[in-house]
Structures are given as C-alpha cells and as structure tokens.
Amino acid sequence: MNFKLKIWRQRDAKSQGAFETYEVKNISADTSFLEMMDILNNDLIHAGKEPVAFDHDCREGICGMCSMHINGHAHGPSQAVTTCQMYMRKFEDGSTITIEPWRSAAFPVIRDLVVDRSAYDKILQAGGFISVRTNSVPDGNAIPIPKADADESMDAAACVGCGACAATCKNGSAMLFVAARVSSLAKLPQGKVEGARRAKSMVAKMDELGFGNCTNTGACQAQCPKSISIAHIARLNREFLAAKLQD
Amino acid sequence: MSCFLTNSSVGKKLVMSITGCFLVLFILFHMSMNLAMLFSPAAYDAICEFLGANWYALAATVVLAAGVAVHFIYAFILTVDNYRARGKQRYQVTVQEKGVSWASKNMLVLGVIVILGLGLHLIHFWSKMQLVEIMGHHASVVGGYEVGATQGAALMMITFSKWYNVVLYIVWFAAIWFHLTHGVWSMFQTAGFANDTWYPRLKCLANIVATLIFLGFAVVAVYCFLTSTPQLIESLLIA
Ligand code: HEM
Ligand code: SF4
Ligand code: FES
C-alpha cells in the first residue's frame with residue numbers, strides 16, 4: 001500500500017510548527033501504524049533528513065505513550081485501540097493521512113508529535129494511590145469484594161493515561177482520566193477509605209493545571225482507546241460533591 | 001462550603017445543573033399555565049390576575065431572574081475557561097465523534113439564542129403585564145389597543161396575530177428544545193445521578209421533556225395565530 005502523510009513538524013516547544021507532506025511506498029497491509037512511522041523515519045534518515053519524533057514504548061496497548069491524532073481521531077479511526085495496535089489495512093490505499101500531536105493547552109507540544117503529558121502524572125501524584133504499610137503481604141482473599149465491584153474497578157483501571165480524553169475534549173477537560181482513577185479505587189475497600197481526600201485533591205490539581213470543565217459531551221469516551229465510560233465521571237462527581245458537603 | 005461552588009470545576013458545574021433544573025421546572029409550569037389558553041381565554045386571564053403583581057409573584061420573579069442570571073454568568077465563566085483549556089492551536093482534521101450530540105457542543109450558542117428570545121418575550125409580555133403594575137399603571141397600548149395588565153389572553157391574541165412573531169417564537173422554542181435535549185440529562189450526570197443503565201433512560205427523558213416544552217408553547221402560539229381576529233380581540237378586551 002502507498003500513503004501520503006501530512007505530519008505536523010515542530011522543532012521544539014518554542015518554535016512555530018507546520019505540516020509537511022511525505023510519501024511512504026510498498027507498505028504491507030499488516031504493518032502497524034508505528035511500524036509504518038518507523039519505515040518513514042528510516043527513509044528520512046537515509047535521505048539525510050530529520051526523522052519525525054513521536055512517543056511510543058510498549059507497542060502493545062498498555063503504556064499509553066503512542067499519542068497521535070490521526071485523520072481527526074485520537075489514536076486513529078479504529079475503535080477502542082491505541083495507535084500502536086492499529087494496522088494500515090484500516091486505511092485506504094493511496095489515501096492521505098493527517099497526523100497531528102495532541103492539542104490541549106495543558107499538553108504543550110515538545111517536538112513534532114510529542115507532547116508533554118506530565119500534567120496527568122501530577123494529577124495522579126495528587127491522590128491516585130492508596131496508602132499502605134509495607135512489610136507483610138496481606139492475604140489476598142481476606143477482604144471479600146463483590147464480583148460486580150471488582151469488575152467495575154477493573155474496567156476503570158484499564159485507563160492507560162494516554163491523554164486522548166483531554167486531547168479530544170472541546171473543553172480540554174481531563175475528567176475521564178481523573179474519573180477512571182478515582183473510580184477504580186473507590187470501588188475497592190482498600191481505596192474507599194481515602195476516597196473523599198482523593199476526589200478532592202485530584203480535582204483540585206486538575207483545575208490548578210488548567211484543564212477545562214466537563215460539559216458531558218461524551219467525546220472522550222468515544223475516542224478513549226480503553227472505552228472508559230462517562231459513568232465513571234458521574235461517580236467522580238458523586239464522590240467529590242459528597243466529600244465537599246461533608247466538609 | 002461556599003467556596004467549592006465558585007472555585008472548583010465540579011462545583012461550578014453543580015451550580016449550572018441546579019439553576020438549569022430550576023429553570024426547567026419553571027418553564028414546565030409556565031407551559032402548563034399557557035395551555036389554559038386553548039380551553040378558555042377567561043381561565044387564562046384569571047391565572048394572570050392571580051399571578052399579577054402581588055408580593056409572592058414579585059418575590060418569585062426576583063428568584064427566577066436570579067436563577068437566569070447565575071446560569072448565564074456561570075455559562076460564560078465556564079465557557080471562557082474551556083476555551084483557554086483547549087488551547088489556541090486546534091486540529092486541522094476533526095470528526096463528529098460517535099454518540100456526541102450537536103447540542104452538547106453548542107450549549108452556549110443555544111443559550112445566547114434563548115436569552116435573546118427571553119428579551120423579546122419580556123418586552124412583549126412581562127413589560128405589558130407585571131412591569132406596568134409595578135410602575136403603578138394598569139394598562140398599556142399595544143398595536144392600537146389599550147390592554148389591561150391582567151388581560152393576558154388579549155395580549156397573546158394581539159402578539160401572535162403577526163406571523164413574524166410566531167416565527168420568532170418558534171425559533172426561540174427550537175433553541176430551547178436543543179438546549180434541553182442535552183441539558184436535561186446532563187444536569188443529572190453533573191450532580192452524579194447517572195450510570196450506564198440510566199443513560200438511555202435519562203436521554204429519553206430529556207427528549208420527552210424538551211419536546212413537551214416545545215409543543216406546549218408552540219401549539220398555543222399557532223392556535224392564537226390561527227384564531228385571532230380583531231372582533232375576538234375586542235371581545236376579550238371588554239370581558
Ligand atoms: C440564559 C441563557 C442560557 C445560557 C447562556 C445557557 C448556557 C448553558 C451552558 C453553557 C450550559 C453548560 C452545558 C453543560 O454543562 O452541559 C448549560 C447547561 C444547562 N442549561 Fe442552560 N443556558 C441558558 C438558559 C437555560 C434555560 C432557560 C434553561 C431551562 C429551561 C436551561 C437549562 C439548562 C440545563 C438543564 C443545563 C444542564 C446543566 C448541567 O449540565 O449540569 N438553560 N446552559
Ligand atoms: S480515560 Fe481513556 S482516553 Fe483518557 S487517559 Fe485513560 S485511557 Fe486515555
Ligand atoms: S506504545 Fe504503549 S500503548 Fe501504544
């Protein structure tokens with residue numbers, strides 16, 4: 001397959017970027033999107049040009065690094081997969097593919113397709129954990145957890161922190177990410193005890209970092225590679241409001 | 001306690017949700033009141049007289065105006081915040097995401113149409129009814145007729161005898177319809193009362209409420225347009 005690629009190029013955070021068009025030829029339909037990018041970069045290096053910088057790590061859909069906005073979709077047109085798990089057969093032969101970095105004020109572009117997503121890490125550090133004693137490992141089965149709760153917690157825990165939610169949101173809201181983290185812990189007895197503090201401090205950090213206010217459009221859940229439901233946002237709202245009313 | 005409603009995103013959204021809910025309840029009440037017009041203009045006038053400019057009605061008007069003002073001001077604060085948060089650099093290619101309604105992305109625009117319609121409505125009706133009484137008068141001249149402050153039925157017949165008023169009001173009702181197809185389920189989500197089982201139900205409820213409000217108001221305006229005659233207006237004014 002052959003493709004025309006329209007890619008955002010930007011030297012560093014301070015420079016003005018622009019789109020550049022490249023061609024890739026003889027790509028097998030079973031090439032993954034990132035492998036296609038590798039082929040492009042290989043060609044660019046051989047031609048003595050700067051390769052395109054893009055984030056990636058695991059290439060198996062679990063690290064959440066491979067942030068790219070492809071033809072108008074965060075993580076491309078495939079449903080419920082990350083960019084690294086998408087294959088070129090998803091695209092029409094000979095078509096032009098537009099590749100942009102995440103666009104959100106809290107995720108500034110560092111270079112080409114790479115953005116600084118440390119804002120999500122800061123939100124996590126503000127409360128996305130449970131406080132446990134180290135030393136002896138507790139018996140895993142000592143605390144019974146209803147299957148439905150465990151399932152819901154696991155669904156929320158599938159979030160890979162990729163940033164597609166805020167990048168997709170017209171309000172630049174990080175609510176889906178924050179909700180997934182709050183929800184996955186709120187559904188478990190170990191997480192519940194610190195629930196009120198967690199909801200308050202994570203929302204406060206999210207607001208402080210300049211993320212927007214959710215207006216429940218649902219665009220985030222449509223583009224989330226892990227199909228996190230906005231039902232978790234409703235739970236975050238409950239947790240947060242209940243905590244504030246108890247203050 | 002008071003602070004999270006002004007300094008946190010979720011708190012500010014709760015204010016939108018509560019004021020929005022209040023406005024929905026008011027508008028449902030207003031619509032039911034108007035429906036009396038279909039059955040008996042005399043009954044409608046009786047309601048106007050009852051709700052005229054007594055202290056309870058005045059207090060309720062102040063609360064209502066405050067509700068609109070808070071909803072409106074917060075809408076702007078939140079939207080400006082959101083513009084800043086999404087950043088100046090936008091995508092060159094965008095798509096309409098699956099399951100995302102047009103209304104949900106255009107709530108401010110719809111709201112601005114709603115408030116413009118509200119301004120027109122206040123000039124047409126409120127200024128001729130409650131305001132004249134507050135000013136100590138009891139009647140005003142509308143379209144060549146002298147209309148008493150409680151003669152709501154005649155005022156409606158005069159206003160909606162003009163086709164352009166009917167069109168303007170229907171555009172206004174349509175904006176409210178769009179605003180509420182999203183707003184009514186969104187207010188539950190914001191307050192935390194929603195989950196995957198309830199989304200289809202809440203969205204269905206939102207469509208029903210929005211459509212009921214649209215039809216309830218539109219049917220009265222159209223009915224007035226179709227039945228209004230100078231003789232009828234004269235007879236309502238004498239009554
Ligand atoms: C005065 C002009 C108005 C403006 C500028 C306005 C604007 C907005 C905006 C920007 C939102 C936020 C969108 C969202 O969170 O989903 C909203 C929500 C809402 N509005 Fe309005 N609106 C107006 C009038 C009204 C009226 C007259 C009603 C009721 C009949 C209403 C009912 C609602 C409801 C129920 C919500 C949902 C609240 C929530 O999401 O938590 N609005 N409005
Ligand atoms: S909620 Fe979904 S889109 Fe948002 S960071 Fe987590 S995995 Fe990515
Ligand atoms: S590279 Fe890890 S999720 Fe795509």
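In this predicted model, 49 residues of chain A are in contact with 40 residues of chain B. The size of an interface is often given as the accessible area lost when the parts come together. Between chain A and chain B the buried area is about 3,600 Å², and carbon and sulfur atoms give 55% of it. On the chain A side, the residues that lose the most area to chain B are A:Lys170, A:Asn213 and A:Asn216, which together make up 19% of what that side buries.

The polar part of the interface can be described by two counts. There are 0 salt bridges between chain A and chain B, whereas 22 residue pairs are in polar contact, with both residues at pLDDT 80 or more. Several elements of chain A each supply at least two residues of the side that touches chain B: strand E1 (3-9) and strand E5 (96-100), together with helix H4 (164-168), helix H7 (195-208), helix H8 (219-223) and helix H9 (231-246). Of these, H9(A) gives the largest share, 9 residues. Sorted by class, the side of chain A that touches chain B consists of 22 nonpolar, 20 polar and 7 charged residues.

Two of the contributing elements, E1(A) and E5(A), also belong to a sheet. Chain A has an open sheet of 5 strands in the order E2-E1-E5-E3-E4, with mixed pairing. Strand E2 (18-24) and strand E4 (73-74) of chain A each have a single partner strand and stand at the edges, so one side of each is left without a neighbour in the sheet. Strands of a sheet pair through backbone hydrogen bonds, either parallel or antiparallel. E1(A) and E5(A) run parallel and are joined by 4 bridges. As one point of reference along this pairing, A:Lys4 has A:Thr96 in E5(A) as its bridge partner.

Chain B has a strand pairing of the antiparallel sense. Strand E1 (residues 139-142) and strand E2 (residues 145-148) of chain B pair over 4 bridges, and B:Ala139 has B:Gly148 in E2(B) as its bridge partner. The two strands form a hairpin with 2 residues between them. In the turn, B:Gly143 has a positive phi of about 55°.

The ligands come next. Ligand 1 lies between chains A and B. It is surrounded by 23 residues, the closest being B:Lys13, B:His71, B:His179, B:Ser186 and B:Thr190. A polar side-chain atom of B:Lys13 lies 2.8 Å from an oxygen atom of ligand 1, and an N or O atom in the side chain of B:Thr190 is 2.8 Å from an oxygen atom of ligand 1. For B:His71, a polar side-chain atom lies 2.8 Å from a nitrogen atom of the ligand. In chain B, helix H2 (9-39), helix H4 (55-86), helix H6 (107-124) and helix H9 (163-191) each supply at least two residues of this shell. By class, the residues around ligand 1 divide into 12 nonpolar, 10 polar and 1 charged.

Ligand 2 is surrounded by 14 residues, and the closest are A:Cys159, A:Cys162, A:Gly163, A:Cys165 and A:Cys224. H4 and helix H5 (175-186) of chain A each supply at least two residues of the shell around ligand 2. H4(A) is also among the elements that supply residues to the side of chain A touching chain B. The shell around ligand 2 has 11 nonpolar, 2 polar and 1 charged residues.

Key. Residues are numbered from 1 along each chain as its sequence is written. Chains are lettered from A and ligands numbered from 1 in the order in which they are written. This is a predicted model: local features need pLDDT of at least 70, side-chain atom pairs count only at pLDDT 80 or more; totals for chains, interfaces and linings use all residues. Side-chain values use heavy atoms; hydrogens and water are left out. A residue is near a molecule or strand if one of its heavy atoms lies within 4 Å of it. A polar contact is a pair of N or O atoms within 3.5 Å; within protein, one must be able to donate a hydrogen and the other to accept it, and residues adjacent in sequence count only if both atoms are side-chain atoms. Ala, Val, Leu, Ile, Met, Phe, Trp, Tyr, Cys and Pro count as nonpolar, Asp, Glu, Lys and Arg as charged, and the others, Gly among them, as polar. Contact means heavy atoms within 4.5 Å. Buried area is the accessible area (1.4 Å probe) that two parts lose on being put together, summed over both. A salt bridge is a side-chain nitrogen of Lys or Arg within 4 Å of a carboxyl oxygen of Asp or Glu. Two strands pair if DSSP finds at least two bridges between them.
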